[in-house]
Amino acid sequence: MSRTKTPANAKAAVKPAKVTVAARPSFRRERALLKQGVWPVAGCDEVGRGPLAGPVVAAAVILDPDRIPKGIDDSKRLDAEEREALFEQICASAMVSVAAAPPWRIDRDNILRASLWALARAVRGLPTQPRHVFVDGRDRIDVPCECQPVIGGDGLLLSIGAASIVAKVTRDRLMCRLAQLHPEYGFDSHMGYAVPRHLAALERHGPTPHHRRHFAPVAAAHARLTGVTVPPDASLLEMMETAVAAAEAAVQVA
């Protein structure tokens with residue numbers, strides 16, 4: 001029997017590379033609770049923990065099982081045009097609530113506590129209070145119902161993915177408005193993140209009232225311009241919040 005020899009210089013067969021496609025989020029967990037009689041179910045997520053400026057924005061969404069917009073995904077996987085289109089569809093078909101923790105609260109409480117506060121506030125702002133909440137991440141939030149953290153939830157659950165889109169679009173729109181007030185910072189291009197253009201503007205102009213004073217690059221810029229680092233006065237902020245709460249209570253009584 002003759003055997004065909006492979007030439008020494010012949011190239012080995014190359015196997016085609018496997019292309020991994022990220023799975024889309026599903027409504028499986030929400031629908032399982034619905035079948036158990038647990039409804040409404042909300043998903044919540046926040047955007048803006050990392051930037052040097054602007055608020056952290058949280059959103060809570062209760063999707064209508066019969067009117068779920070197609071294409072919902074983790075907001076980071078979508079481009080701006082896709083997010084804007086889905087934002088309009090979600091707001092038109094679902095129950096939606098948004099809350100924001102401003103920079104002074106982030107400076108006072110730290111970014112994690114401010115984020116959890118905003119998430120809880122968004123859930124409490126829903127027109128119908130949920131019986132179960134899925135929240136993106138590893139931390140529970142202070143809500144009067146069952147709360148289940150889901151790591152990577154914005155890419156796993158449709159309700160959390162919807163919340164990530166609403167939070168992202170809302171925050172981007174806010175940062176574009178800040179860009180009109182402070183065009184030298186270019187907030188509309190980087191949304192407050194620590195990109196070279198933003199750091200250069202901090203170096204030249206110092207921080208605005210919308211910057212987070214306890215974030216290292218902002219604190220350094222403030223110290224360079226003033227010679228001192230002045231942390232927010234927590235006691236004064238608490239007094240202001242107490243005064244505002246008292247005023248709101250007086251209006252409700254009236």
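**Reading a predicted fold: helix faces, cores and rings**

What covers the buried residues of α8 includes α7. The model discussed here is a predicted one.

Q: Which residues of α8 are buried?
A: The buried residues in α8 are V218, A219, A221 and H222.

Q: Why do the buried residues of α8 line one face of the helix?
A: An α-helix has 3.6 residues a turn, so residues three or four places apart point the same way. In this structure, a view down the axis of α8 places its buried residues within an arc of 160 degrees, and therefore they line one face of the helix.

Q: How many helices and strands does the protein have?
A: The protein has nine helices and five strands. Along the sequence, their pattern is α-β-β-α-β-α-α-β-β-α-α-α-α-α.

Q: Which residues touch the most other members of the largest nonpolar core?
A: That core holds 35 residues, of which C44, V123, V133, I141, V143 and F187 touch the most other members. Several elements give two or more residues to this core, including β1 (41-47), β4 (132-136) and α8 (216-226). The largest share, six residues, comes from α4. Apart from this core lies another, of 19 residues, with L78, F87, A162 and I165 among them.

Q: Which residues does C44 touch, not counting residues up to four places away in sequence?
A: Among them are A59, L119, V133, D136, I160 and A163.

Q: What share of the residues in the protein is buried?
A: Of the 254 residues, 43% are buried. Of the contacts between residues at least 6 apart in sequence, 63% join residues at least 24 apart.

Q: How many aromatic pairs does the structure hold?
A: The structure holds two aromatic pairs. In one of them, the rings of F27 and W39 have centres 6.3 Å apart and planes at 70 degrees, so the pair is edge-to-face. F27 lies in the segment before α1 (28-35) and W39 lies in the loop between α1 and β1, so the pair ties together parts that are twelve residues apart in sequence.

Q: Is F27 buried or exposed?
A: A residue counts as buried under 20% relative accessible area. F27, at 7% relative accessibility, is therefore buried. W39, with a relative accessible area of 23%, is partly exposed.

Q: How do the rings of Y185 and F187 pair, stacked or edge-to-face?
A: Y185 and F187 form a stacked pair, 5.4 Å centre to centre with 10 degrees between the planes. Both Y185 and F187 are buried.

Notes
Residues numbered from 1 in each chain as written. Predicted model: local features only at pLDDT ≥ 70, side-chain atom pairs only at ≥ 80, totals over all residues. Heavy atoms only, no water. Core = buried A, V, L, I, M, F, W, Y, C linked by side-chain atoms within 4.5 Å. Buried < 20%, exposed > 50% of the residue type's maximum accessible area, 1.4 Å probe, protein only. Helix = DSSP H or I, 4+ residues; strand = E, 2+ residues; numbered from the N terminus. Contact = heavy atoms within 4.5 Å. Arc of directions from axis to C-beta. Phe/Tyr/Trp six-rings, centres within 6.5 Å; stacked < 30°, edge-to-face > 60°.
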